[in-house]
Amino acid sequence: MRTRDQEWLAADGLAPLRRNFLLADLVPEAAAAGVDATVVVQTVTVPEETPELLALADADNPVAGVVGWTDLTSPGVADALAGLRERPGGDRLVGIRHQVQGEPDPRWLLRPDVARGMRALSEAGLVHELVVLPHQLPAAVEAAAAHPDLVFVLDHLGKPPVADGRSEPWAGDLRRLAGLPNTVCKLSGLVTEARRDAWTVADLRPFADTALEAFGPRRLMFGSDWPVCLLAASYGRVVDTARALTAHLAPAERAEVFGGTAARVYGI
């Protein structure tokens with residue numbers, strides 16, 4: 001896979017991420033943690049990346065699905081999605097994500113051209129994966145309510161302010177999102193929202209518990225956020241932490257968080 005510059009990686013404290021990460025790096029880490037399948041998710045908003053991820057999924061490896069990117073604001077989004085489906089590995093395309101967290105407009109998700117793109121996703125049977133900041137959650141709630149036939153998957157619990165220990169207004173907005181039946185949440189990304197060099201499971205627990213109570217195990221799925229998680233924890237430690245945060249659940253409920261929800265939502 002080709003290397004692409006990502007401007008955000010120039011920020012202070014991100015040196016561990018300034019290298020190539022390959023599937024060969026992930027496979028042994030996942031195997032050691034008892035993870036036998038994974039869904040890879042877009043990182044850059046360029047059209048060349050998604051076909052490369054689909055090609056990965058087309059090979060004999062643990063990649064079971066791809067959440068890619070295409071321009072949701074384009075009038076030709078439906079044709080773009082169809083074109084991705086026709087590529088090698090196109091049957092592994094399960095959703096589309098846009099880096100909404102980088103959009104200056106807090107109501108970007110409610111733009112008419114974005115709404116047209118969401119309708120195309122729904123018609124294609126794909127999910128809309130959300131990576132948003134807490135102040136963008138209200139718009140996510142409105143968007144999910146406006147598109148009841150489209151499944152919205154919220155990444156990283158909406159990036160709550162773990163390091164500050166504050167739960168509001170994030171928790172209230174998360175519960176509003178969870179109140180819509182077409183929404184799902186990923187238990188992911190918490191370690192990098194905490195104090196990266198000094199976090200504990202106890203620091204993360206209030207936020208994980210809020211998500212569990214709001215969505216329930218059948219609408220919550222584990223995500224590693226690898227390799228970004230390496231800023232605060234190894235892949236194995238992230239998995240162990242998620243298991244600790246869900247240890248109080250019944251075995252069948254934990255099975256949902258660690259595979260069942262993702263298999264059902266992504267159709268894998």
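This is a short chat about a predicted model of one protein chain.

Visitor: What helices and strands does the protein chain have?
Guide: This is a predicted model. The protein chain has 10 helices and 7 strands.

Visitor: And how compact is the chain?
Guide: Its radius of gyration is 17 Å. The globule rule gives 18 Å for 268 residues, so the chain is as compact as a globular protein of that length.

Visitor: What box do the C-alpha atoms fill?
Guide: Roughly 45 × 40 × 40 Å, taken along the principal axes.

Visitor: How many of the residues are buried?
Guide: Buried residues make up 50% of the 268. The accessible surface of the chain is about 12100 Å². Carbon and sulfur atoms account for 53% of that surface.

Visitor: What about contacts between residues separated in sequence?
Guide: Take the contacts between residues at least 6 apart in sequence. Of these, 79% join residues at least 24 apart.

Visitor: Let's pick a helix. Which residues of H1 are buried?
Guide: H1 covers residues 23-32, and Leu-23, Leu-26 and Ala-30 are buried there. Seen down the axis, the buried residues fall within an arc of 60 degrees, so they line one face of the helix.

Visitor: What comes just after H1?
Guide: Gly-34, with a positive phi of about 80 degrees.

Visitor: New topic. Where is His-128, and is it buried or exposed?
Guide: His-128 is in strand S4, residues 127-130. His-128 is buried, with a relative accessible area of 0%.

Visitor: What is His-128 in contact with?
Guide: Leave aside neighbours within four places in sequence. The contacts then include Leu-72, Ile-96, Met-118, Leu-150 and Phe-152.

Visitor: Now Leu-157. Where is that?
Guide: Leu-157 sits in the loop between strand S5 (152-154) and helix H6 (170-178). Leu-157 counts as buried, at 0% relative accessibility. Among the residues it touches are Trp-170, Leu-174, Cys-185 and Phe-207.

Visitor: What phi does Leu-157 have?
Guide: A positive one, about 55 degrees, although Leu-157 is not a glycine. Most residues other than glycine have a negative phi.

Visitor: Which other residue has phi near 55 degrees?
Guide: Lys-159, which has a positive value and is not a glycine. Lys-159 is also in the loop between S5 and H6. Lys-159 counts as buried at 17% relative accessibility, because the cut-off is under 20%.

Visitor: And Asp-149, buried or exposed?
Guide: Asp-149 is exposed, with a relative accessible area of 68%. Asp-149 lies in the loop between helix H5 (137-146) and S5.

Visitor: Which peptide bonds are cis?
Guide: One of them runs from Glu-168 to Pro-169, with omega near 5 degrees. Another joins Trp-226 and Pro-227, with omega about 5 degrees. Most peptide bonds are trans.

Visitor: Where are Pro-169 and Pro-227?
Guide: Pro-169 is in the loop between S5 and H6. Pro-227 is in the loop between strand S7 (220-222) and H9.

Terms used: Residues numbered from 1 in each chain as written. Predicted model: local features only at pLDDT ≥ 70, side-chain atom pairs only at ≥ 80, totals over all residues. Heavy atoms only, no water. Helix = DSSP H or I, 4+ residues; strand = E, 2+ residues; numbered from the N terminus. Rg over C-alpha atoms; globule rule 2.2 N^0.38 Å. Buried < 20%, exposed > 50% of the residue type's maximum accessible area, 1.4 Å probe, protein only. Contact = heavy atoms within 4.5 Å. Areas by Shrake-Rupley, 256 points an atom, 1.4 Å probe, with all protein chains shown as cover. Arc of directions from axis to C-beta.
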